Amino acid sequence: MPREILVTSALPYANGAIHLGHIVEHVQSDLWVRAMRMAGHKVHYVCADDAHGTSIMLRAEHEGIMPQALIEGVWKQHTADLSDFGVRYDHYSTTDSAANRELTYQIWRALEKNGHVESRPVKQLFDPERQMFLPDRFIKGECPVCHSKDQYGDACEACGSTYNPMDLIEPYSVVSGAKPVERESRHFFVKLADFEVLLKSWLEERRAAGGLQSEVVNKLQEWFADGLRSWDVSRDAPYFGFEIPDQPGKYFYVWVDAPIGYLAAFKELCESKRGGLTPLDFERFTRVDADDTELVHFIGKDIIYFHTLFWPAMLHGAGLRMPTAVNVHGFLTVDGAKMSKSRGTFVNARTYLDHLDADYLRYYLASMLGPTLADIDLDLKAFEERVNSHLVGKWVNIASRCAGFVHKHFDGKLAEELPAAERARYAAAAEKLAACAALYESRDYAAAMRTIIEVADEANAYVAEHAPWVLAKDQSRRDELHVVLTLALNYFRLLTIWLTPVVPATAVRALAFLGDAPDRFDAALMPLLGHAIEPFQPLATRIDPKQVAAMIEASKESLQVSSNPSPPILPVEGEGPKARASASPGPESRVPDPGSSGPGVRVPGPDVISIDDFAKLDLRIARVDVCEFVEGSDKLLRFELDAGELGRRQIFSGIKAAYPEPSELVGRNVVFIANLAPRKMRFGLSEGMILSAGIGGNSLFLLDVDPGATPGMPVK
Ligand SMILES: [Zn+2]
């Protein structure tokens, strides 16, 4: 029976680029969608950028742009990266949309009406300088247990202790450096205890139906041990998000409207009337008794609670259907370790695409992915070997070895018929591969890939045994040759059909060579006979280890010291290990970039560069003509420089903490980068970057030059 399924992937945060860790998730769901469609099911596939929260607000502020402009730019990059990885959403939206606002309000009002909302005052640390409440990750200080410096407000990375941010010794705000003060504010909560019985039975029911992995349900049991506490769903202004209706200055915490964004994206798709949908279909997928449609989420193991406790509770509390399945996967490691910027293994999707074919990684990930929460390791050597051996050596090679003979001896046509022995061989292979449909559905892609490679090995053994290159020399064995080539190319077609969800772009080219375009696995049941094929074009080339090395090098380069004014090193909003329903569990997936560093943390030095790299920098001497405070900025100073032959330059520099008396800088010389791309900031155009030594904050020291140097002189 064909099923109707709405599939989503976890929403990437609109604060940074898509990296290979994200790609695991999107490829896993895209592959599933493609396989389910080829099995005859009707699937709608949506995603969106998760566009709200403190991190985005502060990053936009730092860049001097509106948050909407920031998330729009990121949306363009995200959609281009995902599309170039072959991930084909029917609709990719943003949580900062009118549809999402409307749906969030609708769900909120229903929760209120049904008595699931309460409010009470909460004590929280407040940044008196920046005038904002601070999420735990935006507070740092000395660990109260082991006394390590610069630890986050929720947990110590040195000793692993978890604590309350108010327990930190000498806490400071990561946003302004100010000492936070305790302040009270009224927060809104969803009473999760109302849903305890329901959630318990939903979890067991979904586990029995295969909609939740056992390890996930087991993990959740511990939450029920002390009873579910209420979930804090509000944040105070300033916050980038949706304001809570009738509560000026109070905003929905980003994790409220993020999952609602799945449904809002689908609503937009229904309203666009694409994919045979109409606005009425939204109801069919969301009403509480929707049992002829399915809602399937794919997520990483860091955000289980949001999707299996809070999200189903919100849905049910608002009178909507709960998810049919939440499929959870592990994290990506590279060469057996956490992705690392300094080792170059923190690879952005775009950097990968600049060096390697998307289908190669899709295939490798498929060969590693199973239906468990185990982490997936991208072993770069194994990646190279597997792509070269499996995709090129075992699959594409069948076609490249046989195609020429078909054109040379048989006018590009396959035989009209196969003898009984060959027909039986084909049927056996087709039957063996048919098992992959169930393996795809249960997300055991690794097992599906093993099955496919076994059949590829059989096909290659058949070709080797019948050696068409020998038969081709003997005119009397023409018919035999034709049969061998026809079966070999049918093996190739069979493998291609079953590999289509995994390597879609290569498969399309492979099928075009065969003059075929099947969109169902069923098409594999019957061989292609008496059919004309096209001239063979190379479908995939072997990975050269240099390509992988170049990708790693390019990933290291992105580590380079960023331009001044140095971006505030923003941790990512969310809470760490101690997150529980009572507090405000943050998007734990948004862990700080491994390469990021807080104040006082040593920044790893960039790699060795060539003299040519150095020569790209146009370093110059300039004299400070004007230096003044910037209204509305607590970090920046505005400089007007006399740069000699280069004329006058305006530069904004984030060194106010180190130079509280800007007038004292007037008349002195500085060193600056003259050929840095100008940057438009909220306060004006910044045309370069002034160099200083030090780690930031008030520990910064402008460079000087000996007497005799004049403005405009190059520094070499
Ligand atoms: Zn500690």
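**Group meeting: helix packing, cores and domains**

Good morning. I begin with a pair of helices in this predicted model. Helix α12, residues 380–410, packs against helix α17, residues 478–499, at an angle of about 140 degrees, and their axes are 9 Å apart. The crossing of α12 and α17 is left-handed. On the α12 side, the contact is made by Trp395, Ile398, Ala399, Cys402, Phe405, Val406, His409 and Phe410. On the α17 side, the residues include Arg478, Leu481, His482, Leu485, Ala488 and Phe492. Sorted by class, this contact of α12 with α17 comprises 15 nonpolar, 2 polar and 1 charged residues.

Let me stay with one of these positions, alanine 488. Once neighbours within four places in sequence are set aside, alanine 488 is in contact with Ile398, Cys402, Ala459, Tyr462 and Val463.

In soluble globular proteins, nonpolar side chains tend to be buried together. Here, the largest nonpolar core has 164 residues, and those with the most contacts inside it are Phe266, Ile452, Ala488, Leu495 and Trp498. Helix α17 gives the most to this core, with 14 residues.

I turn now to the domains themselves. The chain is divided into domain 1 (4–115 + 194–231 + 240–329), domain 2 (118–187), domain 3 (389–525) and domain 4 (611–715). For domain 1 and domain 3, the C-alpha centres lie 40 Å apart. Their contact takes 10 residues from domain 1 and 13 residues from domain 3. On the side of domain 1 that touches domain 3, the largest share, 6 residues, comes from helix α1, residues 20–38. That side of domain 1 divides into 6 nonpolar, 3 polar and 1 charged residues.

My last item is helix α2, residues 54–63. Of its 10 residues, 7 are buried, so α2 is largely enclosed by the rest of the structure. Which residues of α2 are the buried ones? They are Thr54, Ser55, Ile56, Leu58, Arg59, Glu61 and His62. Helix α3, residues 67–84, is included in what covers them. After α2 comes glycine 64, whose phi is positive, near 75 degrees.

Thank you; I am happy to take questions.

Methods
Residues numbered from 1 in each chain as written. Predicted model: local features only at pLDDT ≥ 70, side-chain atom pairs only at ≥ 80, totals over all residues. Axes fitted to C-alpha atoms, helices over the stretch in contact; angles between N-to-C directions. Helix = DSSP H or I, 4+ residues; strand = E, 2+ residues; numbered from the N terminus. Left-handed = near helix turned anticlockwise from the far one by under 90°. Contact = placed C-beta atoms within 7 Å. Nonpolar A, V, L, I, M, F, W, Y, C, P; charged D, E, K, R; others polar. Core = buried A, V, L, I, M, F, W, Y, C linked by C-beta atoms within 7 Å. Buried ≥ 20, exposed ≤ 12 C-beta atoms within 10 Å, placed from the backbone. Domains from an automatic or database assignment.
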